[in-house]
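Subject: Structure handover

Hello,

Here is the structure for your files. My notes on what was found in it follow below.

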Amino acid sequence: MADIGDTVRTRGLIAEAREVIASLNTSVRNRFRTEPDILAEWRIASRIHRTGDSSPEEPTPPVATPFV
C-alpha cells in the first residue's frame, strides 16, 4: 500500500512542478525577450518528459553562438 501513496505523492509533486514552470515561463519570457539564447536554453530546461506520451515533441535545438 505504501507504493500507492508514493505514486499519488509523486503525481502531486509533478502537478506542482508544472504549475511553477507555467508561472516561470511568463516571467522568463518577459525578462529575457531580447535575449534569444537564454530563451532557447529556458525552453530546453523547462520541459518535463513523461513516459508513455503518445505525441512526443521534438526537442528544440540550442541556438549556436559564434565565438568572437
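**Overall picture**

Of the 68 residues of the protein, 9% count as buried. Please keep in mind that this is a predicted model. The protein has two helices and zero strands. Its accessible surface comes to about 6,200 Å², and carbon and sulfur atoms account for 58% of that area.

How many salt bridges does a search of the whole structure find? The search turns up one. In it, the side chains of Asp6 and Arg9 meet at 2.5 Å, N to O. Both Asp6 and Arg9 lie in helix 1, where they are three residues apart, about one turn of the helix.

The two partners fall into separate accessibility classes, given the cut-offs of under 20% for buried and over 50% for exposed. Arg9 has a relative accessible area of 53%, so it is exposed. Asp6 counts as partly exposed because its relative accessibility is 38%.

Further along, Ala17 also belongs to helix 1, which covers residues 2-31. With a relative accessibility of 30%, Ala17 counts as partly exposed.

**Helix 2**

Helix 2 runs over residues 36-45, and Leu39, Ala40 and Trp42 are buried in it. Why can these buried residues be said to line one face of the helix? Seen down the axis of helix 2, they fall within an arc of 160 degrees, and therefore they line one face. Glu41 and Ala45, on the other side of helix 2, are exposed.

**In short**

To recap, the points to look at in the viewer are these:

- the salt bridge between the side chains of Asp6 and Arg9, at 2.5 Å, N to O;

Regards

How values were computed: Residues are numbered from 1 along each chain as its sequence is written. This is a predicted model: local features need pLDDT of at least 70, side-chain atom pairs count only at pLDDT 80 or more; totals for chains, interfaces and linings use all residues. Side-chain values use heavy atoms; hydrogens and water are left out. Helices (H or I, at least four residues) and strands (E, at least two) are DSSP runs, numbered from the N terminus. Buried means under 20% relative accessible area, exposed over 50%, partly exposed in between (1.4 Å probe, protein chains only). The arc is that of the directions from the helix axis to the C-beta atoms. A salt bridge is a side-chain nitrogen of Lys or Arg within 4 Å of a carboxyl oxygen of Asp or Glu. Accessible areas come from the Shrake-Rupley method with a 1.4 Å probe; for residues, only the protein chains shown count as cover.
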